[in-house]
Amino acid sequence: MNGKKYSVVIAGGGSTFTPGFVLDLIKSQDKFPMRQLKFYDNDAERQKKIGEAVKIIMKERAPQIKFSYTTDPKEAFTDVDFVMGSIRVGKYHMRSLDEKIPLKYGVNGQETTGPGGMAYGLRSIPAIIQIIDWMQEYSPNAWMINYSNTIAIVAEACRRLRPNAKVINICDMPIDDMDRMAAICGLNSWHDIDFNYYGLNHFGWWKEVRNKKTGEDLMPKLKEYVKDHGYWVGGEYDKNTEASWEATFKKVADDYKMDPETLPNNYMQYYYFPQYEVANADPKHTRTDEIREHRQKIVFGECERIVKAGTAKDNIWDISGLHSEYIVDIIHAIAFNTHEKFLANCPNNGAISNMDPDSIVEVPALFGADGIQPMATGKAGRFQRGLMMEQQTCEKLVVDAYVEHSYQKMLQAFALNKTVPDASVAKKILDDMIPVNAPYWPELK
């Protein structure tokens, strides 16, 4: 430990994930000591609901840490060491449209994949670039850890538009899969696993999974289990898992059959089986509706309860969450230069030997005070490389569309995507998305 105490701002203070992250930060003061925590959000009303509850949590659990929330960028981004990017441009209203517009035309509607994911990515680019600029202006030595979607598109925009910025783009979804692998193998958590993984964001494969302590190859055991059960663990492990996620983890059994030499990221089902996804979707009631009915109500209800009671005793976030624990591990590694191994979305530069250097890939990397050092993962399989080339071209075309204000490039991105059956359908989806995204997208000409 270097004796320093850190200042953190969460950009997206009104996120439903924020209270859980704060509780894990508080619990981790022995490994990541803090002097200040700030929230920033452009939605003052939403942030206040979270912020007032967190104010009570901080007073009770960590009074030594100064806490504030604001809508003023200068106040938020001045005197910080880490910026945590947790924004959703357009909030759940736009996510709902990302899901429902494609389904109207028989195309999978999903937050980060297909046309919905590309629409979300285009909305996110200017907001993330603005946050980077505020960070560089007010706290030029800070690091930004971004987990705002659509990660691959945002990372490509960062590569082109802010190539020297201290930004690391991450995703916790593979960690969820690996935690399930650990449970399947009788281990405590994903921390007990060593791995070789490669791909794009929400689009990848494990080449190797080992017991970190003994070096035992866990792939044979995992393959035998996954071919029948996917990543569904069941029992106590999955007692709180929602039905839609249960279906997702079980569907991995079919994903695995596409290449039994590797283990897939659970998101591959959206690319392998897009019509299955459409057939099992309700165009009038999508994942966003589930979140509004469950997580959003629960989180804001709990915040209201805490404020009314004046205490955060026995709150719902006292059990640590995998997502927030992972982020705390990452900022600890950077702050204390531990060079621990996590996953990053970054320019390839040889990490996957048969992909272009400027491809944004998701690969293992060592995290330290100087940022990340991506690790070599070897060659992508022919099947995987073909899928990756198609998908990453879509992502690059979206950034082209942003930079050039190009309708043509956005149409090409939609038409090329594996989830879209042909260009005429791509055009219908895009033409429906343009007016509803007018407050967020550049004008496409």
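Mentor: Leaving out residues up to four places away in sequence, Asp172 touches His323 and Tyr326. Keep in mind that this is a predicted model.

Trainee: What makes these touches?

Mentor: A contact needs heavy atoms within 4.5 Å, so His323 and Tyr326 each meet that cut-off with Asp172.

Trainee: Why is Asp172 called partly exposed?

Mentor: Its relative accessible area is 25%. Buried needs under 20% and exposed over 50%, so 25% falls in between and Asp172 is partly exposed. Asp172 sits in the loop between strand E6 (167–169) and helix H7 (173–184).

Trainee: And why is Tyr267 called buried?

Mentor: Its relative accessible area is 6%. The cut-off is under 20%, so Tyr267 counts as buried. Tyr267 lies in the loop between E9 and helix H10 (269–272), and among its contacts beyond four places in sequence are Gln110, His202 and Trp245.

Trainee: Let's turn to H14. How do you know that its end-to-end distance agrees with its number of residues?

Mentor: H14 covers residues 322–335, which is 14 residues. The expected span is 1.5 Å times one less than the number of residues, which gives 20 Å; the end C-alpha atoms are 20 Å apart, so the two agree.

Trainee: What makes H14 mostly covered?

Mentor: Eleven of its 14 residues are buried, including Tyr326, Ile330 and Ala333. Each of those three is therefore under 20% relative accessible area.

Trainee: Which residues have the most contacts inside the largest nonpolar core?

Mentor: They are Leu37, Phe82, Met84, Leu263 and Phe367, in a core of 90 residues. H14 gives the largest share of this core, eight residues. Phe367 is in contact with Ile330, Ala333 and Ile334, among others beyond four places in sequence.

Trainee: One last point: why are E7 and E9 called edge strands?

Mentor: The open sheet runs in the order E7-E8-E9 with antiparallel pairing. Strand E7 (193–200) and strand E9 (263–264) each pair on one side only, so they are the edges.

Trainee: How do you know that E8 and E9 pair?

Mentor: Pairing needs at least two bridges; E8 (residues 203–211) and E9 have two, so they qualify. Trp206 stands opposite Leu263 in E9.

Terms used. Residues numbered from 1 in each chain as written. Predicted model: local features only at pLDDT ≥ 70, side-chain atom pairs only at ≥ 80, totals over all residues. Heavy atoms only, no water. Helix = DSSP H or I, 4+ residues; strand = E, 2+ residues; numbered from the N terminus. Buried < 20%, exposed > 50% of the residue type's maximum accessible area, 1.4 Å probe, protein only. Core = buried A, V, L, I, M, F, W, Y, C linked by side-chain atoms within 4.5 Å.
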